[in-house]
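Please look at the structure shown below and keep it in view while you read.

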Amino acid sequence: MFESLQHLASGFTIATTFYNLFYCLIGAIVGTLIGVLPGIGPIAGIALLIPATFGLNPTSAIIMLAGIYYGAMYGGSTTSILLNVPGETASVITCIDGYQMAQKGRAGPALAICAIGSFIAGTIGLFGLVFLAPPLAEAALAFGPPEYFSLMVFGFIVLSNVTGTSLIKSLMMAVVGLIIGTIGLDPVTGDARFTFGSISLLGGIEFVAVAIGLFGIAEVLTNVEKPLEMLEQRVIVPRFRELYPSLQDLKKSITAILRGTGIGFGVGLVPGPAPVIATYSSYMIERKISKHPEEFGKGAIEGVAGPESANNSACQSAFIPLFVLGIPFAPPTAILLGALLIHGVTPGPLLIGQHPELFWGVIASMYIGNFILLILNLPFVPLFANILRIPKKILLPLIILFCITGQYTVNNSVFDIGIMLLFGALGFLMRKWAYEGAPLLLALVLGPKLEVAFRQSLMISHGDFGVFINRPISMVFLLATLVFLAIPILRTVSKYLKKGGIV
Amino acid sequence: MLRKSMIAVVILVLLAGVPIQAAEFPTKEVQVIIPWAAGGATDLIFRALAATTGKYLGKAVVVVNRPGGGSAVGYTEGAQAKPDGYMLTSAVTPLTILPHQVTTAYTYKNFEPIINVVSDPSMFLIRSDAPWKSLKEFLDYAKKHPEMITVGNSGAGGGVHLVALAFEKTAGVKLNHIPFSGGGPSVTAILGGHVNAVSVSPPEGISHVQAGKLKILALFAEKRLEMFPDVPTVKEQGIDFAMGMWRGLVAPKGTPPDAIKKLHDAFKQGMDDPVFRKNAKDMAVNLSYLGPEPFGKLMASEHEFFEKLIKEIKK
């Protein structure tokens, strides 16, 4: 422990040189911008800037690129809150209550609480990274295909009804997501499935296109139906005093932030779609333990604070497998791995020993970076909140333009724009009949992973289903799923029995 | 007066520029399609090469990622690009594999070879605490227990999966192949002990071999690796088998030969540039230069090889 602190101190001397501070600042600014723009996410952002780091030393290069990654987590919520357009996978959940807050004139507090929550989560996550990295990395290796499968089952069942509306409708949407997730190359045999000869469909349906369609485009379409007077009026003019969260907001949020941080840090260690699971879980938990669950979906600040903190601390813990094992569990860290290689640093179990200046320098810079991001983001709050002063008849077409260009930058694919518009239309109909988009997106992310883990497990066990219950971690997840399913049934039964007993 | 003379100068420059533009290739930046997302081995290698080749070509080389369809999307676009030498595609082993597995709009025949840059041997890695001390013990166990040894790979029908299938055929054993969604996940699985071995291609898993957590069980190369001179190839152990991944550049069919030559010469110089050499060494990739003709022959023979192998598997 003492040794870690000593190393951390030396890391701070590296990170606080003028040169490294400068690159940390650049990374944070670029990351925020990338997060704000829908479509282009941290992955593309880091990849695009790798060539710009060719002339730098490895430590400065990684400081800047890591800054883009966690900077994007700060910016990602902005369009979710203001325009109902999720900038990346991690900010889908923020759309739900964040956008509702903005519609009620509380865009400022929503934006500010995201920055504050992200800062707290980033800071705590960093301490986890310093003190717990090696044991946690070893623990993450215990997750083989069977454990992964059971975790996905757990996530799927528990998180499907994340917004707490109709369970049946949520499950229906989840099944639609599962079906869409099967499009593309079969992960085990490599055969094409449901592509009908289309080359573009071989790679499957792009998640970001579906997310922007279901949320952003559908929101615009829903507005188009409204009477003209409503579109012409200036929506909300927030007073300056109301731009930042009140004491009461902070009180409400702080426990949500801390819980979100814990969840995100734990989930971030699991390979795969950590940001999605972390944000959904955090939202789910906040809604379940809230004294006012009816406020969720209508602009509850906890529903923004929790998930936003979760995705930031998941981003911190994603660095653990990268630095300790040299294996990227999340796509953005895969790009960082590439950047390390280009700079002549071989990521792997020897990295911390061979390049202590890099490891501790980057860690320390992340702390400084989080602070820079907080300072950077809070003054922008009034600016961003003012976007909502634009009359809707002008704002709505702009959102469509924003979505289309944003989507195109992801894969430079016109086909993806078509997919996005298609899901926009579907999302419009879903809203009319009160179906939620969140379960569909969850299933679209988890479905393919669930299928692969299931088939891998059975291949390893030669078809023996016992593999899922013979392994302790896997069994715990399956049992937890059973308990979750059983509770409502038991409740109903006991209610029924009580009634019967009294009457 | 000054303005008039300025205009005259501009017109002169433009007039002078036109004939040169018509004659000299290249007049604008050259793009290289990578049919995978940014950050993979192919992407990294060609980004590094693009950085050093620009100065020899006289125009910048820009990498564009067109991921999707297990590389089919990028190759389709590359094959259908205008054959003027400004839109190149990175040709990697799957170019000769995927067309046998799904209906694609292209094969290697839709492209003109330019240069091969990298060729890496494949290998099997096992955990250092695995019960097998040598390849012979491993194969003996596999013969006695067919389909019991699990071997991870980086994706169904991908390069290292087919290497593993071809090797088991040559060695006369039956293994249980488990596909993962990339080299990272498959290496994670062996570190966690969820599979018995993995089929990889450098730089995947190399750092764990250096750290002593994993070891190279079988090296499918013609000669030993520089980094691990003590590890014998499988050929030395009496199994006539060598296979790997190659990565080169191609242009659409019909690209003028003089453009191909200019591109080849520039990329060759880019490859020989000390900066690129150092980058390649750090990434632990094995540079292996082939000119247009031998590279074309390599793709043709690989195409034939995988056609046979995949027919064999699909039976």
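## A buried alanine in chain B

B:Ala91 counts as buried, because 28 C-beta neighbours lie inside 10 Å of it; the term buried applies when 20 or more other C-beta atoms lie within 10 Å of a residue's own, exposed when there are 12 or fewer, and partly exposed in between, with C-beta atoms placed from the backbone. This alanine lies in strand β3 of chain B, residues 87-92, where strands (E, at least two residues) and helices (H or I, at least four) are DSSP runs numbered from the N terminus.

Once neighbours within four places in sequence are left aside, B:Ala91 is in contact with B:Phe111, B:Gly248, B:Leu249, B:Val250 and B:Met299, contact being counted when the C-beta atoms of two residues, placed from the backbone, lie within 7 Å. The C-alpha atoms of B:Ala91 and B:Asn116 are separated by 8.4 Å, although these two residues are 25 residues apart along the chain.

## How the model is read

This is a predicted model, in which local features need pLDDT of at least 70 and side-chain atom pairs count only at pLDDT 80 or more, while totals for chains, interfaces and linings use all residues. Residues are numbered from 1 along each chain as its sequence is written, and chains are lettered from A and ligands numbered from 1 in the order in which they are written.

## A pair of strands in chain B

Strand β8 of chain B, residues 214-220, has 5 of its 7 residues buried, so it is largely enclosed by the rest of the structure. Strand β4 of chain B, residues 111-127, pairs with β8(B) in the antiparallel sense over 6 bridges, and two strands are said to pair if DSSP finds at least two bridges between them. One of the bridges links B:Ser122 to its partner in β8(B), B:Phe220.

## Helix α3 and its neighbours in chain A

Two packed helices are described by the angle between their axes and the distance between the axes. The axes of helix α3 (residues 42-49) and helix α4 (residues 58-83) of chain A come within 9 Å and cross at roughly 160 degrees; axes are lines fitted to C-alpha atoms, for helices over the stretch in contact, and angles run from 0 to 180 degrees between N-to-C directions. That angle makes α3(A) roughly antiparallel to α4(A), since angles over 145 degrees count as roughly antiparallel, under 35 as roughly parallel, 65 to 115 as roughly perpendicular and the rest as oblique. The contact is made by A:Pro42, A:Gly45, A:Ile46 and A:Leu49 of α3(A) together with A:Leu65, A:Ile68, A:Tyr69 and A:Ala72 of α4(A).

Helix α2 of chain A, residues 18-36, packs with α3(A) at an angle of about 140 degrees, the axes being 9 Å apart, and that makes α2(A) oblique to α3(A). Here the contact is made by A:Val30, A:Gly31 and A:Ile34 of α2(A) and by A:Pro42, A:Gly45 and A:Leu49 of α3(A).

## Where the two chains meet

In this model, 42 residues of chain A are in contact with 43 residues of chain B. Helices α3, α15 (331-342) and α21 (438-460) of chain A each supply at least two residues of the side that touches chain B, and the largest share, 5 residues, comes from α15(A).

## Two loop residues

A:His462 is found in the loop between α21 and α22 (467-470) of chain A, and its phi is near 60 degrees, a positive value in a residue other than glycine. B:Glu147, in the loop between α5 (135-144) and β5 (150-153) of chain B, has a phi near 65 degrees, also a positive value in a residue other than glycine. A:His462 is exposed, with 11 other C-beta atoms within 10 Å, whereas B:Glu147 is partly exposed, with 14.
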